[in-house]
Amino acid sequence: MGEQQEIIKMRNHITYVIEQIWGILFILLALIFTNADVVQLREELIQNGDILEGLLAAGGTFVILMLVCLWYINRWYRTTLTVQDGTIRYERKTWMRHVNNLSVIQISNINLEQNLFERVVGTCKVKLDTNSLSTANSTDIQIVLKKRDAENLKQLLVQMIQREAVQEQQEKPDDDHLEYDVTYSAGKIICSGIMGMPAAALLLLIVSGISSCIDAGVLLHLAADEEIYGDLILLGLTGAALVISAVWAIVKCILADFRFRARRERDKVYVSCGFLKKKKYTVPVEKINAVSLRYTFLGRILKRAYVTVINVGGEGEEANGVKLLLMDSYPELEKKMEVLLPEFTLPELDQLKKPPRRYLGLQCLTAALFGAALLFGMQLGLRIAQADQVFPDAASGWFCLGGLLLTVFILFLCFLSYRAAGIYAGERLYLSRGIFSRTILSIPYDRIQYLSMNQGILQRMLGLYGGRISILAGMMNNIQRIGVYGREQYDRLEEKYRQTF
């Protein structure tokens with residue numbers, strides 16, 4: 001804001017203490033006055049003129065009550081809210097000191113609330129909600145004031161928010177008359193929604209469809225009377241429900257990406273999309289700490305990916321980050337990234353170094369040992385169960401076959417994980433990982449908060465290292481696993497990281 005404003009400092013109304021301790025006060029007083037021996041002793045001492053001794057006859061209950069009152073009085077006195085120059089400082093000092101500073105432009109709602117007690121004493125609770133969903137528990141603020149003071153505070157904050165909003169709107173381009181740098185046709189949005197289907201949903205749909213067809217064929221083959229048609233109808237409804245749920249997941253993705261548009265304007269990227277729920281979000285470039293190239297299961301097959309950016313407070317409903325570009329081929333994504341975000345380049349896929357093959361062998365050995373332990377445990381459990389005649393003898397073979405298939409599936413997952421893994425410490429750190437899907441991260445070294453390495457016993461014998469990095473991001477993305485690689489890859493990463501500072 002251009003002009004300096006008067007500093008306004010306030011604390012909770014004194015009735016805040018009563019609101020906080022009335023429940024504890026009620027319980028303690030109930031303990032005092034419902035104990036017959038204590039009540040009788042106290043009355044005798046007070047009747048004899050020993051008032052102090054009568055109060056002490058209540059024992060430690062009064063001491064506890066006094067400590068609770070002193071605690072909340074101290075919290076009341078040492079909790080303050082200060083408004084100055086478009087910022088709010090909320091400070092609470094008890095055993096530990098907590099200080100929250102936020103801009104008024106981050107306030108999404110200013111609510112005034114009154115319970116029955118507050119209506120009687122003429123106070124009002126002011127609740128300030130922030131825009132951040134992931135940090136709401138630590139950034140939302142509430143304070144109890146006299147009703148007139150609460151209304152004045154709300155009016156002041158509303159005026160400050162309006163002034164800040166006007167200033168920001170003057171800097172922000174007009175969305176209704178904006179020419180976007182990146183737009184998508186309806187066909188590309190539909191294709192992006194189809195290819196964005198998660199691997200688990202696709203696998204469930206395929207398995208359920210095959211299972212329903214097999215069951216329907218068996219029932220038709222064995223059909224001898226009209227009772228079979230009820231089962232056929234049930235199978236048909238189940239299959240239809242699965243198909244509808246899969247189609248709805250695709251439709252939701254398409255509707256969320258409806259009219260997806262993006263534009264770079266100075267140091268910000270503006271994105272607009274959505275049909276049922278229209279979203280417009282602004283991504284400050286300096287706040288972007290990583291760019292993620294994401295391949296879904298179908299995307300890997302068709303060589304299509306989408307791009308998200310990771311930054312603090314920008315995740316919202318997207319746990320993977322804010323979507324910047326929809327599904328497209330790698331060359332097309334590179335062209336669009338040069339327009340929207342030239343500060344972050346996508347890696348050349350052939351530059352990514354895979355983990356050493358001895359790591360794949362270590363994974364297979366671990367999976368084989370797990371499978372052997374699983375089969376041994378299953379056989380031991382079956383023998384005990386067969387002794388109790390819980391399972392027939394023929395079940396042993398089926399359990400062994402199931403254990404072997406599970407072991408083979410785990411080995412297959414290890415191979416897929418090895419195929420998706422990769423690292424390249426070039427101008428930026430590029431990390432690749434996944435199983436059915438694949439994620440490739442582009443992280444500037446100066447956005448890395450710390451780098452840690454670790455070795456297990458078997459990894460030490462094979463000269464392998466594992467590690468992770470921390471970046472400034474939301475809870476789901478602040479810790480990024482590097483993977484298991486040889487010493488040379490971690491030496492190169494350490495060297496690049498040290499050169500940054």
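**Entry 1: the model**
I am working from a predicted model.

**Entry 2: salt bridges overall**
I searched the whole structure for salt bridges and got 16.

**Entry 3: Arg263 and Asp181**
I started with Arg263, whose side chain meets that of Asp181 in a salt bridge. The N to O distance is 3.9 Å. Where do the two partners sit in the chain? Arg263 is in strand E9, residues 261–265. Asp181 is in the loop between helix H7 (147–171) and strand E8 (182–183). The two are 82 residues apart, and the pair links distant parts of the chain.

I checked accessibility next. Arg263 has a relative accessible area of 19%. The cut-off for buried is under 20%, so Arg263 counts as buried. Asp181 is at 36% relative accessibility and counts as partly exposed.

**Entry 4: Lys336 and Glu332**
I moved on to Lys336, which forms a salt bridge with Glu332. Their closest N and O atoms are 3.4 Å apart. Both residues lie in helix H12, which covers residues 330–340. They are 4 residues apart, about one turn of the helix.

Is Lys336 buried or exposed? Lys336 is buried, at 12% relative accessibility. Glu332 is partly exposed, at 27%.

**Entry 5: Asp446 and Arg447**
Asp446 is partly exposed at 46% relative accessibility. Arg447 is at 22%. Buried would need a value under 20%, so Arg447 also counts as partly exposed.

**Entry 6: nonpolar patch**
I turned to the surface. Which residues form the nonpolar patch? I found Phe370, Leu406, Phe409, Phe412 and Phe415. Together they have about 470 Å² of accessible area.

I checked Phe412 on its own. Its relative accessible area is 40%. A patch residue needs over 30% relative accessible area, so Phe412 clears that cut-off. Phe412 is partly exposed.

Note on methods: Residues are numbered from 1 along each chain as its sequence is written. This is a predicted model: local features need pLDDT of at least 70, side-chain atom pairs count only at pLDDT 80 or more; totals for chains, interfaces and linings use all residues. Side-chain values use heavy atoms; hydrogens and water are left out. Patches are made of residues with over 30% relative accessible area and no salt bridge: like charges are joined within 9 Å, nonpolar side chains (Val, Leu, Ile, Met, Phe, Trp, Tyr) within 5 Å. Accessible areas come from the Shrake-Rupley method with a 1.4 Å probe; for residues, only the protein chains shown count as cover. A salt bridge is a side-chain nitrogen of Lys or Arg within 4 Å of a carboxyl oxygen of Asp or Glu. Buried means under 20% relative accessible area, exposed over 50%, partly exposed in between (1.4 Å probe, protein chains only).
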